[in-house]
Amino acid sequence: MMNKELHTQVVVIGAGPAGYTAAFRCADLGLNTVLIERYNTLGGVCLNVGCIPSKYLLNISQVINNSKKLSFQGVEFQFPKLDLLKINFEKNKIIDGLTNNLKIMSKKRNIQIIHGKAVFNDKNSIFVNDNNVKYLIYFDYAIIATGSKSIKLSQLPNDDSRIWDSTNALEISMIPKRLLIVGAGIIGLEMGTFYSSIGSNVDIIDSCDKLLPLLDRDIINIFEKSIKKQFNIILNRTILSVENKVNGIFVTMIDKKNVTHTICYDIILVAVGRNPMTHHLNLEKIGIVLDQRGFINVDNQLKTNISNIYAVGDVVGFPMLAHKGIYQASIAAEVISGQKHYFNPRIIPSIAYTYPEIAWVGISELDAQRLKIDYHSANFPWKASGKALASNCSDGMTKLIFDKNTNRIIGGAVIGEHAGELLGEIGLAIEMACDVEDIALTIHAHPTLYESIGLSAKIFSGTITDLLNHNKNK
């Protein structure tokens, strides 16, 4: 094996969205940069086995579900014929195109890419073994962006191909007749949405007593009503034991009343969360401080307790979202280049790409009550939206949260078709500290789904005409 020494200003470990963004931004700022990725392709979990492939499949799911809805309007379709090989081929073609584009952009930025596992030697050097060459890289600064991995359950066997994680689920090797998803978080709900749409009978279990507990009850009520025909959600239930048999996996669960239930499934998908990928970096040797779950502690400039080593993305904690990591990556690169920038966002948006979509940002009613904020919520039901009715997606709602003392918008949520796209205006309004008049007096195109944002503001301002106006004297 050949040994090589390299000297660089910045080394970035991990080439997911946070990692490649950090490397690209460092290079654009004139810093000599080396990007280390343990796998053969760039893009990390998000691009290869996460966000992008799942959204490709969920788009298929949406088309199938919308076609079912059209049957009530006089348009009948046969159940779609699914060519799994073709679906996977097209999915992988999109992924390959995106990963190849990352290679091209890296090359044009003169970023050296090294594929291999990285281990810190000290606070200014790192070992990388790519099987053919063993590198010792000396650096002025390092940015850790190694992401996260799926949590495994000790009750489930690790050697049975019928036990899936999210990566296995996105490979679409088969359509299980009976699918159990363990974990009713966003990943579990999205996978339930897809597999139920292509013919699986899906149960989703969770030990929690509330579905998506961060969200307000009125949003969840609409969601629960909408998904009843898609899959079955069972809360307050945990797995006691699993028995593998030729004809299926027999799962024994216990509910809150200590009653046990045994059900047979073809596949079990584990989606109970993710843990940071920090254990393999030898961080303890160089003294980087981790919390109890293995997340790296950083300050508001993304510095660890070692001043020349930074960390961004999933490895620094919740929310574990690609767009948070991308934002942090740019900040870290800019700080390294000498700019006095800080990671202090007012809001970070979240989206569940289910059917219907749920999107939320800022302060919820639950948050406002906990923080003792004097607030008012304004909800516009999509049953009063001409666009929603014409588009067969009237089971939705747009909700804005205002501070009653300032009339400023502090939060919002949307449930319904394209909710994630509608969230953009709400997020920008919160960041710009808009008050209700800024939104209500902005002309929104009609008929659109996004005009529900302006109409929600008009509910609060007392100028709504599309619904009965209970604040008409304001």
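Reply: Labels come first: helices (H or I, at least four residues) and strands (E, at least two) are DSSP runs, numbered from the N terminus. The model is predicted, so local features need pLDDT of at least 70 and side-chain atom pairs 80 or more, while totals for chains, interfaces and linings use all residues. Residues count from 1 along each chain as its sequence is written, and side-chain values use heavy atoms, without hydrogens or water.

Me: OK. Where does proline 319 sit?

Reply: Proline 319 is in the loop between strand E17 (309-311) and H9.

Me: And what's its peptide bond like, cis or trans?

Reply: The bond from phenylalanine 318 to proline 319 is cis, and its omega is near -5 degrees. For background, most peptide bonds are trans.

Me: What about asparagine 258, is its phi positive or negative?

Reply: Positive: phi of asparagine 258 is near 65 degrees, and this residue isn't glycine. Most residues other than glycine have a negative phi. Asparagine 258 is in the loop from strand E13 (248-255) to strand E14 (260-265).

Me: Switching to helices. How do H1 and H9 cross?

Reply: The axes of H1 (residues 17-28) and H9 (residues 322-336) come within 8 Å and cross at roughly 25 degrees. (Axes are lines fitted to C-alpha atoms over the stretch in contact, and angles run from 0 to 180 degrees between N-to-C directions.) That angle is why H1 counts as roughly parallel to H9. (Under 35 degrees is roughly parallel, over 145 roughly antiparallel, 65 to 115 roughly perpendicular, and the rest oblique.)

Me: Which residues meet there?

Reply: On the H1 side, Pro17, Ala18, Thr21, Ala22, Arg25 and Cys26 take part, and they meet Ala322, Gly325, Ile326, Ala329, Ser330, Ala333 and Glu334 of H9. (Contact means heavy atoms within 4.5 Å.) Sorted by class, the H1 and H9 contact has eight nonpolar, three polar and two charged residues. (Ala, Val, Leu, Ile, Met, Phe, Trp, Tyr, Cys and Pro count as nonpolar, Asp, Glu, Lys and Arg as charged, and the others, Gly among them, as polar.)

Me: At what angle do H3 and H4 pack?

Reply: About 140 degrees, with the axes of H3 and helix H4 (residues 84-108) 10 Å apart. That makes H3 oblique to H4. H3 brings Ile52, Pro53, Tyr56, Leu57 and Ile60 to the contact, and H4 brings Ile87, Glu90, Lys91, Ile94, Ile95 and Leu98.

Me: How do those divide by class?

Reply: The contact of H3 with H4 has nine nonpolar residues, no polar ones and two charged.

Me: Last topic, the second largest pocket. How many residues line it?

Reply: It is lined by 19 residues, and Lys69, Ser226, Lys229, Gln230 and Tyr355 lie nearest its centre. (On a 1 Å grid over the protein atoms alone, a pocket is an open set of points where a 1.4 Å probe fits, with protein on both sides within 12 Å along at least five of seven lines; lining residues have an atom within 4 Å of a point.)

Me: Which elements give two or more residues to that lining?

Reply: Helix H3 (51-70), helix H6 (186-197) and helix H7 (217-227) do. H3 gives the most to the second largest pocket's lining, with three residues. By class, that lining has four nonpolar, eight polar and seven charged residues.
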